[in-house]
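Here is a short report on one structure. It moves from the core to the sheet and then to the helices.

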Amino acid sequence: MGTTGSKTVAASSLKHCTLWKADRSPASRAVMMALDSLSLSITEVDLNLDKGEHRAPEIIMMNPLQTLPILKDRELVLHDSHAINAYLATRYCNSGRLLPKDPGGRALIDQLLHYNSSILYPRFRAASNPILYENCNFVMPQQVSDIERSYADLENMLSGRNWFGGCWPTLADISLGATVSTLNILVPVDKLRFPRISSWLYRLSEEVFYITANKKGLQEFSRRIDRGCITDDKEFKCPRSSVRRRSLGSTVENNK
């Protein structure tokens, strides 16, 4: 488990990098999982979406789209999780395990990332936003149908393989995993209809980076869906380092 980070420099601290994020956001968690799989530690700033902290003037200056996550590496600012992860894997990893160096392997990963950004993630937002922001109490039938069509697509993509990107977890599995694990709360993956997705999601959940970077945000998202707004400031301790988050994540897991 956690093999994707095994060929990177151990616990590299990038003091010139800052990540603005919200744990309940699948896109934020995708970047957090990439950081953990690469054993990179950066400054992390948690923003409370319910209080509109992502709309603060200084945030809009970095990202006019007012979305999270946002990565700043010295003067470079990126605000798309797929672009951020590709940058981190290219800039700070020599192994090519998360993102292949050869053009063909890279294109296969890019293809899966585009599926997540153009099809899967928009379907997540269409299903979740009415519940999060419009006082809707259930996922609309059309959104359920659209999500299950995506599950069928992903089930076919996994034919004959354990991981979307190859023989081990890659950026494709990380981005798709962040989205699918969150969709699973809204529209549970039927193990009988989608056995490959179910098995893949279980394998992914056993990876160390998933435990440290994805589980807490899934729990927060589930609470937000079930109980309404979460505005407890204790949930937002910032800034903090990736190393600190990982140590807290491991402690939570070990206490179960």
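## The nonpolar core

A nonpolar core is a set of buried Ala, Val, Leu, Ile, Met, Phe, Trp, Tyr and Cys residues joined through side-chain atoms within 4.5 Å. Buried here means under 20% relative accessible area. The model is predicted.

The largest nonpolar core has 63 residues. Which of them touch the most other members? They are Leu 88, Tyr 151, Val 180, Leu 186, Ile 197 and Trp 200. Helix 4 (residues 103-133) gives the most to this core, with 10 residues.

Leu 186 has contacts beyond its neighbours within four places in sequence. These are with Phe 124, Ala 127, Ser 128, Ile 131, Val 139, Phe 221 and Ile 225.

Five strands make up an open sheet: the order is 4-3-1-2-5 and the pairing is mixed. Its edge strands are strand 4 (76-78) and strand 5 (240-241). Each of these two pairs on one side only.

Helix 1 packs on the sheet and touches strand 1 and strand 2. The direction of helix 1 makes about 170° with that of strand 1. Helix 3 (residues 81-92) also packs on the sheet. Helix 3 touches strand 1, strand 2, strand 3 and strand 4. Its direction makes about 30° with that of strand 3.

## Strand 1 and its partners

Strand 1 (residues 12-21) is mostly covered, with 7 of its 10 residues buried. Strand 1 and strand 2 (residues 40-46) run parallel, joined by 6 bridges. What links them along the chain? The path from strand 1 to strand 2 goes through helix 1 (residues 26-37), and this β-α-β crossover is right-handed.

With strand 3 (residues 70-73), strand 1 pairs in the antiparallel sense, over 4 bridges. Trp 20 has a bridge partner in strand 2, Val 45. In strand 3, the bridge partner of Trp 20 is Ile 70. Cys 17 has its strand 3 bridge partner in Asp 73.

Is strand 2 largely enclosed or open? Of its 7 residues, 6 are buried, so strand 2 is largely enclosed by the rest of the structure. Strand 2 also runs antiparallel to strand 5, and 2 bridges join them. There, Thr 43 stands opposite Ser 241 in strand 5.

## Helix 7

Which residues of helix 7 (residues 195-205) are buried? They are Ile 197, Ser 198, Trp 200, Leu 201, Leu 204 and Ser 205. Seen down the helix axis, the buried residues fall within an arc of 165°, so they line one face of helix 7.

These buried residues pack against helix 5 (141-157) and helix 6 (171-186). They also pack against helix 8 (208-213) and helix 9 (215-227). Two of them, Ile 197 and Trp 200, are named above for touching the most other members of the largest core.

Methods:
Residues are numbered from 1 along each chain as its sequence is written. This is a predicted model: local features need pLDDT of at least 70, side-chain atom pairs count only at pLDDT 80 or more; totals for chains, interfaces and linings use all residues. Side-chain values use heavy atoms; hydrogens and water are left out. Buried means under 20% relative accessible area, exposed over 50%, partly exposed in between (1.4 Å probe, protein chains only). Two strands pair if DSSP finds at least two bridges between them. A crossover is right-handed if, with the strands pointing away from the viewer, the path from the first strand over the helix to the second runs clockwise. Contact means heavy atoms within 4.5 Å. The arc is that of the directions from the helix axis to the C-beta atoms. Axes are lines fitted to C-alpha atoms, for helices over the stretch in contact, and angles run from 0 to 180 degrees between N-to-C directions.
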